[in-house]
Amino acid sequence: MTTDLDVQVWRGDSAGELQRYVVPRGDKQTVLDVVTYIQRRLDPTLSYRFACRVGMCGSCAMTVNGKPRWTCRASVERVAEAGSLELRPLRNMPVIKDLAVDMTGFFEKWQEAGGRFVPTSTRHDPIAVVPPSSPARQAADAGIECINCGICHAACDVVAWDPAYQGPAALNRAWTLQNDVRDGDHGQRLRAVASGSGCLGCHSMGNCARYCPNSLNPTGSIAGLKRLAVKAALKGEL
Amino acid sequence: MSLRLYVLQRLTALVMAPLVLVHLAVIVYATRTGLSAEAILGRTEGSLFWAGFYGLFVVAAAIHGTIGLRTVLVEMTGWRGGGLDLAMLCFFLAVLVLGLRAVVIVT
């Protein structure tokens, strides 16, 4: 193991540039440890986001050597090619400063795609019984562990081509709600996602599934939405 | 892409899948057996089957290809609106007319 890491970090907004830092290697060091070292020891003006440091909050995603990753669970040993790191902000979102991006548009797309649960009962009703073995529950289960990190959104080439495209995270959320038997907005939500800016715009390239840190498959979720949309269209419901 | 165009493109793909396989088999058969142009025309002229087969192929391909080209243009150039619709209608009609003309000539 070499003793030092050669780290290039994006500084500034979208018109910024890479700046070089030398960071000592450590045992079980993560990419987030490297960024934190730079901010605390070398350059306190470096901006970046993190919170939980254990892969739950989804706030520390960055582009590491060209690939979108959650940096708190990306070990330097695994991702640092030839002892060097290039850290940039996530793609497809405006850069606020350095490694922090503006995720406003990302979350607005969740709303556009009907990402809000619409209850059909109140707290006075009995708790809904959803059999874990039911196909709808299993379909929802497959996509429900999303931590909103934005990695799939950054990895998606359709988002890069068409800024209006709702993107894999928002559509994955819509798919889990379409499979939630307690939700009362299936029709409206399907209308919201059944367009070129919604699920029909997906080319099934699978970058979202490839880079999802939680091994979810948004491409599969979007394919499910496409099936629902086509069935509804053939029945004349859309 | 609207849902209507999406469904239409999938349905035309379903139609074309077996037609493409038969078309490829015909090409392989014609080239392997060394059929001359006259021999091929002798089999296709007056044939309702081949007129229907390639007529359907041309219609499905014209619809399918136009929707695909429209999607590529929207994504790569950002072109949208009435101008795009008109251009795509012209492309569709050109493919349709040229294709059906070829079918009429050989059958």
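**Pocket and helix packing**

Q: How much space lies in the largest pocket?
A: About 410 Å³ in this predicted model.

Q: And which lining residues are closest to its centre?
A: Of the 25 residues lining the largest pocket, those are A:Gly196, A:Gly201, B:Met1, B:Thr71 and B:Glu75.

Q: Nice. Which helices each supply at least two residues of the lining?
A: Helix H6 (157-161) of chain A does, together with H1 and H3 of chain B. H3(B) gives the most, with five residues.

Q: What's the lining like by class?
A: The largest pocket is lined by ten nonpolar, nine polar and six charged residues.

Q: Switching topic: at what angle do the axes of H1 and H3 of chain B cross?
A: Roughly 135°, and the axes come within 8 Å. Here H1 covers residues 3-32 of chain B and H3 covers residues 48-77.

Q: What do you call that arrangement of H1(B) and H3(B)?
A: Angles over 145 degrees would count as roughly antiparallel, and at roughly 135° H1(B) and H3(B) are therefore oblique to each other.

Q: Left-handed or right-handed crossing?
A: H1(B) passes H3(B) in a left-handed crossing.

Q: Which residues meet there?
A: From H1(B), they include B:Leu5, B:Leu8, B:Thr12, B:Met16, B:Leu19 and B:His23. On the H3(B) side, B:Trp50, B:Phe53, B:Phe57, B:Ala60, B:His64 and B:Arg70 are among them.

Q: And by class?
A: The contact of H1(B) with H3(B) has 18 nonpolar, five polar and one charged residues.

Notes: Residues numbered from 1 in each chain as written. Chains lettered and ligands numbered in written order. Predicted model: local features only at pLDDT ≥ 70, side-chain atom pairs only at ≥ 80, totals over all residues. Heavy atoms only, no water. Axes fitted to C-alpha atoms, helices over the stretch in contact; angles between N-to-C directions. Helix = DSSP H or I, 4+ residues; strand = E, 2+ residues; numbered from the N terminus. Parallel < 35°, antiparallel > 145°, perpendicular 65-115°, else oblique. Left-handed = near helix turned anticlockwise from the far one by under 90°. Contact = heavy atoms within 4.5 Å. Nonpolar A, V, L, I, M, F, W, Y, C, P; charged D, E, K, R; others polar. 1 Å grid on protein atoms, 1.4 Å probe; cavity = no way out; pocket = protein on both sides within 12 Å on 5 of 7 lines; lining within 4 Å. Points joined across faces, edges and corners; volume = space filled by probe spheres on them.
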